[in-house]
Amino acid sequence: MVFTITNNVNITEENRGCAIKQYALSFIVSLPFFTHGVESLNLTITSHSGHFATPEVVPWTTLGLILGSIISAMIYSYAVDTWGRKFGIYVVVLLQGASCIPLLIPPNDIAYIILHVLSGISTAGLFICIPVYVREISDVKCRGAMMSLMVLMTTAGYLVRLGMDVDSRLYLIAGLVMAQFVSLFMIVESPTYLVKVGKFEAAKKCLGKLKCLSANDTHIVNQILLLKEESERAKPNGALRFYQIFKNQIWRDEMKIGVMLFTTIILSGCIIFFDQEKILIQLKTSTDPDRILVPICLFVGAFVCVILVRVFERKYLLTFAFSVMVLSMGTLAVFTQADLTVTSLRWLPIAALGVLVFGYGVAWGLPTVILVDMLNLEIRTRVLGAIYTYSQILRLAHVYTFKYIEDYMGIYTLLYIFACINLFGAVYTISNIPDIKGKSVKQIERQLKKIPIIK
């Protein structure tokens, strides 16, 4: 496939119009991430590879959650491409509400497994439908920050455990789901999706509502023409099959970037350092009995990510986060030697853990932000769904093999291995990811023609 780069539409006024509605809608559709964060406290695994408390044996519930994510990811991709982005968000909220039902019946293993399967299915929708929708309704200048709200909302949900018991969290989840259902009546369909399916007049109306402009405003017409041009570039013959995505060199390079970044995040070591007691076991005393250090530092990292992603290029921010993780993980590894008794500088491993979790909080949502920002509108959900499925398969293998590797190598050696993985992520990010901030898909594709991606 050959791309034809044209320049028949003026894009200098990309951010014209009112952005308040875009901010408000991005916040509203990101609320399910907060619900997900609160709900994760009742589960045996979070959306990461680790949890705040690690069981000795991986339970069936963890398997059910990850398998639910694996099986449903591509179904979500098909659904939101066929029936619209709003449909996908409705399904996510509905499943979050349904996941409350097993918590209302007497505790038993079957109900607990069903809860995890439903949570896994809704989690896949969260990380596929909502980032795509937010990207497609937001202007270039605020796109990164609005997509990064998923990180901030999720980590804010984790903090709820510091002040609420299990029953209170259940009532909170039910209230949040009802509020989300009501608020979803205010959202509009993605103009990008409407252009994708050929509904250009409807796309103009929706984009006009988002920007508080008339549907016939010159700016709105030009933006729809840009989206139409982007769609036509992807399917010059009028149709695009899934296998054709792999024949396109630029799209293959984008998929390689996604695979590399998602692999690095999954294998970043959070399976160890989320469990505060486990990683600081050599201190021999509990310096933080409530285990508040990890969720607080994770939230601070997420907050910094939302702020800095508007200021700095995505690849520089992600490289910074990986570098911070490498340095703090190396420091922490020194204090996890099996025969070591820490008698001095006892504050240093605690500080290193806080900095490590902070770096992860900055990093963990950026691969999704980068990938969604790069992809052409015709392949956006399909490629994201495929890479998310791959990441969950990798997570499943990682979770089930980690205990054996830990028993064989020990935490001390594993931390150095994870540090090397994060170092690779930093080097790969700075050398292979194109400039994305403030760039259109066409401009990013131009860069990918020039950047040699690892073959």
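**Aromatic rings and a buried serine**

The charged end of Lys228 sits over the ring of Phe200, 4.8 Å from its centre (a charge counts as over a ring if NZ of Lys or CZ of Arg is within 6 Å of the ring centre and within 35 degrees of the ring normal). The model is predicted, so local features need pLDDT of at least 70 and side-chain atom pairs count only at pLDDT 80 or more, while totals for chains, interfaces and linings use all residues. Residues are numbered from 1 along each chain as its sequence is written, and side-chain values use heavy atoms, with hydrogens and water left out.

Turning to ring pairs, the structure holds 11 aromatic pairs (rings of Phe, Tyr and Trp, the last by its six-membered ring, with centres within 6.5 Å; planes under 30 degrees apart are stacked, over 60 edge-to-face, the rest tilted). Phe273 and Phe274 make a tilted pair, at 5.9 Å centre to centre and 55° between the planes. Both Phe273 and Phe274 are buried (under 20% relative accessible area; exposed is over 50% and partly exposed in between, with a 1.4 Å probe and protein chains only). The Tyr412 and Tyr416 pair is edge-to-face, because the ring centres are 5.3 Å apart and the planes stand at 90°. These two tyrosines, Tyr412 and Tyr416, lie 4 residues apart in helix 21 (residues 411–432), about one turn of the helix. Tyr412 is partly exposed at 32% relative accessible area, and Tyr416 is partly exposed at 32%. Phe33, Phe127, Trp364 and Tyr388 form one aromatic cluster.

Finally, Ser122 belongs to helix 5 (residues 109–137) and is buried, with a relative accessible area of 1%. Helices are DSSP runs of H or I with at least four residues, strands are runs of E with at least two, and both are numbered from the N terminus. Leaving aside residues up to four places away in sequence, Ser122 touches Glu39, Tyr76, Val92, Leu95 and Gln96 (heavy atoms within 4.5 Å).
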